[in-house]
Amino acid sequence: MPVSSVGAATLRAALEAGGEIALVDVREERLFADGHILTASQIALSCLELELSRRAPCRATRLVLCDGGEGLAERAAPVAEALGYHDVVTLDGGMPAWADAGYHVWTGLNVPGKTLGEVVDQTCATPFLEAAEVKARVDAGDDLIILDSRPWDEYTDFNIPGGVDCPGAELAYRVRDLAPDPSTTVIVNCAGRTRSIIGCQSLVNAGVPNPVFALLNGTIGWEQAGLSLEHGADRNHGDVSNKAVAWSAAAAGRLAERSGVESIDHDVLNAWLQESKQKTLYCLDVRSPSEFNAGHLPGSVSAPGGQLVQGADDWIAVRDGRIVLIDDTGVRANMTASWLKQMGHPRVAVLQDALQGVDLETGPVPLPVVPPTVPGVVVSDVLGREGDVTILDLSHSLTFFRGHAAGALWTLRSRLEEALKKLPDNRPIVVMDDRAGALAAYAVADLQRKGRDDASVLASGLDAWRAGGGAVASGLEGMLTAMDDCYHPPAELIDDPAQADRDYIAWEVTLVEQLERDGLLRFSPLT
């Protein structure tokens, strides 16, 4: 049955008119980053079954699938329909048709959030310090604290020497403990610009009495100044005091009110849940992942606030859907909600007393769909037979590059047919991944439909392989297809990492001009 399509002009008019539309680009990350629509959410065809219902939770919402004109959207449409989406169309001609219609094409990832940072910087004149001045102040023994607004895993990889990890949504929540003396200078950094700017401006907007600055261009700016980064640091923000909670609750509440954030109770949320089959509803818990796993509201999804502001399109494919933010005190939810409103999301609410008087769930959220039942094997079934079987790894390419079963081959699920031509015909295929076997199960089902009844899943993954005594290798050997799922390759695969950093900063500072030229979104920073 032919897939319905819409033209570029029709789609543009619908996006400008507002209302619930899930615009999903089904290309791999690198291809998406080479050119896409500003409000598109990228979900590769390779993992559509595992991601789509989280970012577009209402099956009744119109789903518009976009690609590069190569036919991926047409392949994705029946997958979405099988998941229960009732109104699925494709962008006729994909991105080439969008460009031919004269509409702006954006490059990069998480562009709405990063553009917000640049708009805030220009509109609010966010205060900043250059790396050389920060280093001089550190060397002089000035009273200052450097707060790294990135998640823990990014911070421990590299950070400004002496910096303390305090992800974006935690800054206003914890700053009165981290810098109780109002004369202490607070410097906020990230790897580039966005989270430094948003983090610094969060503190300014909250009314922190301290001098507050963003580190210009973050760790990139630090290295460009000829300064060395620290690696493997383990300093974090620590616990929060009652005094800090009281101060930040008042400040965040004022910001949420100024931004037009709605405050709802559990009765309203329950009413919205009853309507969620007809109207999109996101329930996002903005606390840290560890807090979420320790106990969260059933049906909610972990979305740490700092990352949510920068990468809202990684969680939200329907900009006009209802967005309910959740935390334990309201501080992080209100701070995050104020930024989503400034970014132009129209229906943002904070759930009051969100975790009180309700039964909580623990652990990570299970997959939204059950993978197909396919044959499975365990590590002991494969060890010693490596020369007689083909191990096919569908993990993220960076995961494979850093470590994989020795002798394994790698491909993207969306390129499975291409990879299949390169596999030995006479060997059984064992498929593994970094998604607890879920993606591998779909791939085995794909292989079975192509006549490979000798395929099975190794669901236990690389950790079990290593624990069982299996040899582990690293590097590019065994990659059958291009690393198109990776827009930012590791430094060792880049010819000139310093130039790549310069190009990235140069790209960021063009975003405001592009936003004005595109005209698809309008931001409204608090001043």
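Trainee: Which residues of helix α23 are buried?
Mentor: This is a predicted model: local features need pLDDT of at least 70, side-chain atom pairs count only at pLDDT 80 or more, and totals for chains, interfaces and linings use all residues. Residues are numbered from 1 along each chain as its sequence is written, and side-chain values use heavy atoms, without hydrogens or water. Buried means under 20% relative accessible area, exposed over 50%, partly exposed in between (1.4 Å probe, protein chains only). In α23, residues 511–518, the buried ones are Leu511, Val512, Gln514, Leu515 and Asp518.

Trainee: What covers the buried residues of α23?
Mentor: Look for contacts, meaning heavy atoms within 4.5 Å. The cover of these buried residues includes α1 (8–17), α6 (111–124) and α22 (497–508).

Trainee: Which residue just after α23 takes a positive phi?
Mentor: Look just past the end of α23. There, a phi of about 75° belongs to Gly519.

Trainee: How many helices and strands does the protein chain have?
Mentor: Both are DSSP runs, numbered from the N terminus: helices are H or I with at least four residues, strands are E with at least two. The protein chain has 23 helices and 22 strands.

Trainee: What is the radius of gyration of the protein chain?
Mentor: The radius is taken over C-alpha atoms, and the globule rule is 2.2 Å times the number of residues to the power 0.38. For 527 residues that rule gives 24 Å. The chain's value is close to it, so the chain is as compact as a globular protein of that length, with a radius of gyration of 24 Å.

Trainee: What percentage of the residues in the protein chain is buried?
Mentor: The chain has 527 residues. Of these, the buried ones make up 55%.

Trainee: How many cavities of 30 Å³ or more are there?
Mentor: On a 1 Å grid over the protein atoms alone, a cavity is a set of points where a 1.4 Å probe fits but cannot get out, and a pocket is an open set with protein on both sides within 12 Å along at least five of seven lines; lining residues have an atom within 4 Å of a point. Grid points are joined across faces, edges and corners, and a volume is the space filled by probe spheres set on the points. The number of cavities of 30 Å³ or more is two.

Trainee: Which element gives the largest share of the lining of the largest cavity?
Mentor: The largest cavity has a volume of about 140 Å³. Among its 15 lining residues, the closest to the centre are Gly168, Ala169, Ile198, Gly306 and Val309. Elements giving two or more residues are α10 (194–206), α15 (305–310) and α16 (331–342). The largest share, five residues, comes from α10.

Trainee: What is the volume of the second largest cavity?
Mentor: Its lining includes Leu38, Pro112 and His345. The space in this second largest cavity is about 70 Å³.

Trainee: Which residues does Leu72 contact, leaving aside neighbours within four places in sequence?
Mentor: Leu72 is in helix α4 (residues 72–82). At 14% relative accessibility, Leu72 counts as buried. Beyond those neighbours, its contacts are Val26, Arg27, Leu45 and Asp67.
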